[in-house]
There are 2 protein chains.
Amino acid sequence: MSEAPRAAAAGPISHTIFRLARSHSLLAGRLLREVGLNPGQEMILFLLWDRGPMRLTGIADELGFGDSAGTTRKIQRLERAGYVRRVPDPADGRATLVEPTAAGNSVRPRIEQIWAELERLTVAGLTPAEQATTLAQLHRLEENVAKA
Amino acid sequence: MSEAPRAAAAGPISHTIFRLARSHSLLAGRLLREVGLNPGQEMILFLLWDRGPMRLTGIADELGFGDSAGTTRKIQRLERAGYVRRVPDPADGRATLVEPTAAGNSVRPRIEQIWAELERLTVAGLTPAEQATTLAQLHRLEENVAKA
DNA sequence: CGGCATCACTTGTCCAAGGCAGGTAAAGTG
DNA sequence: CACTTTACCTGCCTTGGACAAGTGATGCCG
């Protein structure tokens, strides 16, 4: 893994984000495979555990999914995996609410462990103070990029 | 886009990397669509511009592609786009060298502009000193994640 | 109240990425 | 000279993002 100077010269931070993103996603995928999830699906579960049953549009808005069609299919996969259930929204005949199943709830501790492990590996060697500044800077980058 | 506290609690930095990665890739894709590239392809061109003709394995190693099959197809797409050409390696009958075409070279200034724009949008509002520390910290995260 | 735009979701299709499995030809090795 | 390894390619599967089109339910306006 030597340098790729031209890309680095043209945009060193973008370049590093790009590489970090792929490695991080691969690592997350490797850790999550144990529970049969692919990277991203655990985000939906975290959201449901926090907020209770949500409709698809709510999930999509919250997680920044661009496309509702993609959201449908993500939920279908989680449903096939048995972690999530779909119930009609009593308040709106068009909508369906998504909620974790018992199986979904039962993997929660394990998923939280996996995320803790992922975080541990990611920030290895950084002091708590460094972690805090890193997080703050990542948030600034995220805001910039989301806004653009 | 409010918070997703549970994921943030379980791994705030991982969580932010995840979101940043997707937004950044979407932004890069939007900027690059003008020249008919998808995010990632420009990395290959940067590499070739820096190093001259390379074999597929060299490209894959350098950019961290896991799979040689995927590399083959990425190059095929760049080839179909007309930006790259494949020539047999005179030194090794098994290998093919990949090099930019005239069309590939002609988009170079534009791609570098696009990357500069991407970087500008990404680091908007950060002082040069902040950019330097951000870059250093991203590199540390990348090393950690690549190693794990 | 009826008509109509809007909303929530679903399905189909396309393309790109990653991964695995298997195949071919050339190169290297004992 | 066999045998293994290397470099690459192809096929196939799953995921992801995007666009298009369709269905049923809801909301609103005249």
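The following legends describe close-up views of a predicted model with two protein chains and two DNA strands. Residues are numbered from 1 along each chain as its sequence is written, and chains are lettered from A and ligands numbered from 1 in the order in which they are written.

**View 1. Fold of chain A.** Chain A contains eight helices and three strands; helices (H or I, at least four residues) and strands (E, at least two) are DSSP runs, numbered from the N terminus. Along the sequence, these elements follow the pattern α-α-α-β-α-α-β-β-α-α-α. The C-alpha trace of chain A spans about 55 × 35 × 25 Å along its principal axes. Of its 148 residues, 39% count as buried; a residue is buried if 20 or more other C-beta atoms lie within 10 Å of its own, exposed if 12 or fewer, and partly exposed in between, with C-beta atoms placed from the backbone. Among the contacts in chain A with a separation of 6 or more, 41% involve residues 24 or more positions apart; two residues are in contact if their C-beta atoms, placed from the backbone, lie within 7 Å.

**View 2. Axis relating chains A and B.** In chain A, the C-alpha nearest the axis belongs to Ala21(A), at 2.7 Å from it. The same surface serves both copies, since 100% of the contact residues of chain A recur in chain B. The superposition is by least squares on the C-alpha atoms of residues with pLDDT of at least 70 in both copies.

**View 3. Contact between chains A and B.** Chain A contributes 51 residues to the contact, and chain B contributes 51 residues. On the side of chain A that touches chain B, two or more residues come from each of helix H1 (5–10), helix H2 (12–32), helix H3 (41–51), helix H7 (108–122) and helix H8 (128–147) of chain A. H2(A) gives the most to this side, with 13 residues. By class, this side of chain A comprises 28 nonpolar, 14 polar and nine charged residues; Ala, Val, Leu, Ile, Met, Phe, Trp, Tyr, Cys and Pro count as nonpolar, Asp, Glu, Lys and Arg as charged, and the others, Gly among them, as polar.

**View 4. Surface near DNA strand C.** DNA strand C is surrounded by 24 residues, of which Arg55(A), Leu56(A), Ala69(A), Gly66(B) and Gly93(B) are the closest; a residue is near a strand if its C-beta atom, placed from the backbone, lies within 6 Å of it. H2, helix H4 (56–63) and H5 of chain A, together with H5 of chain B, each supply at least two residues of this surface. The most, four residues, come from H5(B). The surface near DNA strand C has six nonpolar, ten polar and eight charged residues.

**View 5. Surface near DNA strand D.** Of the 24 residues around DNA strand D, those that come nearest are Gly66(A), Gly93(A), Arg55(B), Leu56(B) and Ala69(B). At least two residues of this surface are supplied by each of helix H5 (68–80) of chain A and helix H2 (12–32), helix H4 (56–63) and helix H5 (68–80) of chain B. H5(A) gives the most, with four residues. Six nonpolar, ten polar and eight charged residues form the surface near DNA strand D.

**View 6. Sheet of chain B.** Three strands form an open sheet in chain B, with the order E1-E3-E2 and antiparallel pairing; two strands pair if DSSP finds at least two bridges between them. Strand E1 (54–55) and strand E2 (84–88) of chain B are the edge strands, each pairing on one side only. E1(B) is joined by two bridges to strand E3 (residues 96–100) of chain B: Met54(B) stands opposite Val98(B), and Arg55(B) has Leu97(B) as its bridge partner. Five bridges join E2(B) to E3(B), and the bridge partner of Arg86(B) in E3(B) is Val98(B).

**View 7. Surroundings of Pro100(B).** Pro100(B) is found in strand E3 of chain B. This residue is buried, because 20 other C-beta atoms lie within 10 Å. Leaving aside residues up to four places away in sequence, Pro100(B) touches Leu45(B), Leu48(B), Trp49(B), Tyr83(B), Val84(B) and Asn105(B). The C-alpha atoms of Pro100(B) and His139(B), 39 residues apart along the chain, are separated by 29 Å.

Methods
Predicted model: local features only at pLDDT ≥ 70, side-chain atom pairs only at ≥ 80, totals over all residues.
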